[in-house]
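Hi,

Here is the structure I promised to send over. Have a look at it first, and then read on for what turned up.

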Amino acid sequence: MQLDFLGDLQRTHTCGALRAADANKEVVLMGWVNRRRDLGNLIFIDIRDRSGIAQVVFNREVNAALHEKAAGLRSEYVIAVLGKVKQRDPSTFNKNIPTGEVEVVAREFRLLNESKVLPFLPGEPDAAQLPNEEVRLKYRYLDLRRTPMQANIELRHKIALAVRNHLSGQGFYEIETPFMTRSTPEGARDYLVPSRVYPGSFYALPQSPQLFKQILMISGFDRYFQIVRCFRDEDLRADRQPEFTQIDLEMTFPQQERVFEVVEGFLKAAFQAAGIDLPAPFPRMTYDEAIRLYGSDKPDLRLPAMVGVRECFTPAELEKLAIDPGLPVVAIRTPKVGELSRKERDDIRPLFGERPNAKLFEDFNRLEKGYSEAVTKIRALTKAAADDLIVLVAADGSVARHKSEGGVKPEVKQHDHAVYTAAGALRIALAQKYADRHKAFAGGRKDADSYHLLWVTDFPMFEWDEEGQRWAAAHHPFTSPHEPDMEKVLAHKDLGSVRALAYDIVMNGTELGSGSIRIHRQDVQRQIFYALGMTEEEAKSRFGFFLEALEYGTPPHGGIALGLDRIVMILAGAESLREVIPFPKTAKAVDMMVDAPTPVSETQLRDLGIKVKS
């Protein structure tokens, strides 16, 4: 078919905008051919843009030449249609689309571009017809035409806009920070950018704007935010990407509570953009409570908390069961699972895995024969109904214990911690395995009861790195300790018990963001670097500019960063970040569409003074 020029033609309506009130109007629509149906004298074309679909009719008896031209249209051809809106007969209404009461009777159309044979149809409503993800990512421009992807990107826009508007209304300035900065490796690996002007030297892409936003507080800007791209060279998962977007903010003179109020405010605005009225304030829980009750620092509140039941057994019963009497015995209740067969109970053990220091009692009903009084007490403590599944996790009494506390706080000793985290992992695995029975993890719901948000506070300041045989920052090295614990830091004693003014915002077992009150005194910052095993020279080499900035009247300050991609993923009901990022990488950090990363020419490498070893 011969292509037409657009000329001076202008669109009057989007495809999804037409309604019964537009009947008899002359309109110009532009978009893609979503579908063609040839009924002989009549050809129906569904024309699509991001707003929706409109039906266009070509009648051979009215205009034979136009009808013949329309017969050549195929999926994803780009067209402009001129015609009159007509009310459809009620018997032919399409109730599945908002424009279903009208159609456009074409008097002219222009073919603006053709399309090759497609690897898959963007307009196909059946997701089962889609190819594998690699094909979708290779032809991302086609994948992004699909209605679910367009809805996800629209949702992303609405959430980002709601956050911007809310924070601006709270007196925050949006300020951009550099993408090309210095490498300060801490945690994940940096992406490095070689300098042509300074051979052998490198910029790094920021893992976060952490130091720059703290310097903005030193500069007196009081309240900063940024919806910012960050980069981490790390192994990928469904909820990780090498480049990602976070909602980043910082403020001066805050208490933790004030940061919480700001975050709760913009999250309410973000959720409202998705049609969800989120209740606030969110509950608070210390790190120790989270480990004891949920076995995780990212508690999922959709299921009952774990319950300590050691006191339900007598010392003799604990000995008979080979349970360590000095460590926790944890009961996990999964609601409405019902009676399990022997095989189904055997299937629980692989979920627990090989844990030499922990014991699993997956057949709780069998315990009743020899320990009926204990079982009765446990059922009462856990508030178990008849159809609830209960399993017990305990420490193996036959394993010798070490007294080292490692990097764990005294309130949650190392071996207590191992029991709680083993139980916590099993709790989630059981909930996922029996999700179709208890409905707590049911997807697709769009109401506030589907989302359980929580602040987790008072994290450990330090954690012990066995491999490096040194203390590491549990959060990051710019986090302030609790003031009552400062003496331990200055004396470098009992570092495992030091609490950080750090906090995470968690939803349904997923960490949405992490923040802290920062160190604003240079003497304390130097002591933290020293506790982390940095020499004076190393601290100066890596953070000298920041240590110097702290000497010029730095106010107390704090902030947080939340993952925008992750928030959108959850609100969109998607299973992967790749469903809510326009141009993502694969799990192997490859861009299938542009074929990146790729080798570069010898000339480019020579300009940078770089030689690649095979």
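Predicted model: local features only at pLDDT ≥ 70, side-chain atom pairs only at ≥ 80, totals over all residues.

Tyrosine 287 is buried, at a relative accessible area of 10%. Buried here means under 20% relative accessible area, with exposed being over 50% and partly exposed in between (1.4 Å probe, protein chains only). Phenylalanine 459 also counts as buried, at 10% relative accessibility.

Residues are numbered from 1 along each chain as its sequence is written, and side-chain values use heavy atoms, with hydrogens and water left out.

Back to the rings. The structure holds 16 aromatic pairs; rings of Phe, Tyr and Trp (its six-membered ring) pair if their centres lie within 6.5 Å, and planes under 30 degrees apart count as stacked, over 60 as edge-to-face and the rest as tilted. Tyrosine 287 and phenylalanine 459 have ring centres 5.4 Å apart and planes at 45°, so this pair is tilted. The two come from distant parts of the chain, 172 residues apart: tyrosine 287 is in helix α7 (residues 287–294), and phenylalanine 459 is in the loop between β16 (453–457) and β17 (462–465). Helices (H or I, at least four residues) and strands (E, at least two) are DSSP runs, numbered from the N terminus.

Another pair is phenylalanine 478 with phenylalanine 529, which is edge-to-face, at 6.2 Å centre to centre and 85° between the planes. This pair also links distant parts of the chain, 51 residues apart, with phenylalanine 478 in the loop between β18 (470–473) and α15 (486–491) and phenylalanine 529 in helix α16 (residues 522–531). Phenylalanine 478 is buried at 6% relative accessible area, and phenylalanine 529 is buried at 1%. Ring pairs link Phe478, Phe529, Phe543 and Phe546 into a cluster.

**A glutamine beside Phe478**

What does glutamine 210 touch, not counting residues up to four places away in sequence? His476, Phe478 and Arg518, where contact means heavy atoms within 4.5 Å. The glutamine 210 side chain makes a polar contact with the side chain of histidine 476, at 3.4 Å. A polar contact is a pair of N or O atoms within 3.5 Å; within protein, one must be able to donate a hydrogen and the other to accept it, and residues adjacent in sequence count only if both atoms are side-chain atoms. Glutamine 210 is in helix α5 (residues 210–218) and is buried, with a relative accessible area of 11%.

**Cores**

The largest nonpolar core has 45 residues, and those with the most contacts inside it are Ile348, Leu426 and Phe462. By nonpolar core I mean a set of buried Ala, Val, Leu, Ile, Met, Phe, Trp, Tyr and Cys residues joined through side-chain atoms within 4.5 Å. Helix α13 supplies the largest share of this core, six residues. Leaving aside neighbours within four places in sequence, leucine 426 is in contact with residues including Ile332, Ile348, Leu360 and Val393. Apart from this core lies another, of 43 residues, among them Leu155, Ile247, Met251 and Val262.

Tyrosine 420 is found in α13 (residues 414–433) and is buried, at 12% relative accessible area.

**Strands**

An open sheet of four strands runs in the order β12-β13-β15-β14, with antiparallel pairing. Its edge strands are β12 (307–308) and β14 (358–361), each pairing on one side only. Two strands pair if DSSP finds at least two bridges between them; β12 and β13 (residues 329–334) pair over two bridges in the antiparallel sense, and valine 307 has alanine 331 in β13 as its bridge partner.

Elsewhere, β3 (residues 52–59) runs parallel to β5 (residues 102–113), joined by two bridges. β4 (residues 78–87) pairs with β5 in the antiparallel sense over 10 bridges; there, lysine 84 has valine 105 in β5 as its bridge partner.

**The whole chain**

The protein chain has 19 helices and 21 strands. Its C-alpha trace spans about 95 × 70 × 55 Å along the principal axes, and 47% of its 614 residues count as buried.

Cheers
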